[in-house]
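Open the model in a viewer and keep the selection tool at hand. The stops below are meant to be taken in order.

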Amino acid sequence: MRIVSRFLIFLFVLLTCQAARSQEVRVAAAADLKFALDELGAQYEKHSGKKVAAIYGSSGNFFAQIQNGAPFDLFLSADIEYPRKLEAAGLAEAGTLYEYAVGRIVIWMPSDARADLAKLGWKALLEPSVERIAIANPEHAPYGRAAVAALRKAGVYEQVRTRLVYGENIAQAAQFVASGSAQAGIIALSLAVSPPMRDGKRWEIPAEMYPPIEQGAVILKSAKNKDGARALLAFLKSATGREILKTYGFTQPPSGAASAPSE
């Protein structure tokens, strides 16, 4: 009888855990959203009682994983082109594509950096003390592509090219410079204003120096919790969701561009 009782308890716990997981919204989220989505997810859970299970990484890597059947409900990409491609391939729920924000980039240095970043701007990257400059890998991270475009526009790319070090995603690039592995970085404003980095030096790169970092969301066709994904996406679109994104330096898309048309 004792063995049967233990088995029934084990079965109950297992079923309870499975039920709880089925209520989670599994989100593949761009690394620049780490702090914003953590806060937004906490607010969503407070209002709905439903849990957000977010994994952060590069948008390009998530795109490849989703194409190969990765089990996510909602994809929050730093590049809206990836959700658009998923929709075109029939891997996303029709009509759910949504441009939720436009990202921004900054040059960031530790607070004790010798360079006067506010005064020098781009020239700070040319200082002899700056031996390594961290950016996200431009092959699969939109923030990396934006960094390279801005460096070229500023006319300093060739001068700093050999000093660039690449993070797998923008969060890793930020970690490189925060830890001292690099002396400067071109990172997402959303990370530069986060609690671990807000005391550092930052210089915002003019938006006209790089292509707009249009960030898009889409619910996946293979989602196990489509109702939860829809509810979370609705919360992202709400005044509370927009205000949280604004707090972390994201701007709203131009009027009329919030919902991208299906093609």
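Does aspartate 227 count as buried or exposed? At 59% relative accessibility, aspartate 227 counts as exposed; the cut-offs are under 20% relative accessible area for buried, over 50% for exposed and partly exposed in between, with a 1.4 Å probe and protein chains only. This is a predicted model, in which local features need pLDDT of at least 70 and side-chain atom pairs count only at pLDDT 80 or more, while totals for chains, interfaces and linings use all residues. Residues are numbered from 1 along each chain as its sequence is written, and side-chain values use heavy atoms, with hydrogens and water left out.

**Whole chain.** Colour by secondary structure: there are eleven helices and ten strands, taken as DSSP runs numbered from the N terminus (helices H or I, at least four residues; strands E, at least two). Of the 263 residues, 48% count as buried. Among contacts (heavy atoms within 4.5 Å) between residues at least 6 apart in sequence, 76% join residues at least 24 apart.

Aspartate 73 has 0% relative accessibility and so counts as buried. Beyond its neighbours within four places in sequence, aspartate 73 has contacts that include Glu24, Arg26, Val218, Lys224 and Asn225. Valine 27 is 46 residues away from aspartate 73 along the chain, with 6.0 Å between the C-alpha atoms.

**H2 against H10.** Select residues 34–48 (H2) and 226–237 (H10): the two helices pack at about 115°, with axes 11 Å apart. The axes are lines fitted to C-alpha atoms over the stretch in contact, and angles run from 0 to 180 degrees between N-to-C directions. Show side chains: Leu40, Gln43, Tyr44 and His47 of H2 meet Gly228, Ala231, Leu232, Phe235 and Leu236 of H10.

**Aromatic pairs.** Rings of Phe, Tyr and Trp (its six-membered ring) pair if their centres lie within 6.5 Å; planes under 30 degrees apart are stacked, over 60 edge-to-face, the rest tilted. By this rule there are five aromatic pairs. Select phenylalanine 62 and phenylalanine 75, an edge-to-face pair at 6.4 Å centre to centre and 70° between the planes. Phenylalanine 62 is in helix H3 (residues 59–67) and phenylalanine 75 in strand E3 (residues 74–77), so the pair ties together parts 13 residues apart in sequence. Both phenylalanine 62 and phenylalanine 75 are buried. Next, select tryptophan 122 and tryptophan 203, whose ring centres are 5.8 Å apart with planes at 75°, so this pair is edge-to-face. Tryptophan 122 sits in the loop between H5 and E6 and tryptophan 203 in strand E9, so the pair links parts 81 residues apart in sequence. Tryptophan 122 counts as buried at 11% relative accessibility, and tryptophan 203 as partly exposed at 22%.

**H6 and what follows.** Select residues 142–154, helix H6, with 13 residues. Its buried residues include Tyr143, Ala147 and Leu151. After H6 comes glycine 155, with a positive phi near 80°. Finish at arginine 152, which lies over the face of tyrosine 157 at 4.1 Å from the ring centre; the rule asks for NZ of Lys or CZ of Arg within 6 Å of the ring centre and within 35 degrees of the ring normal.

Technical notes. The expected span of a helix is 1.5 Å times one less than its number of residues.
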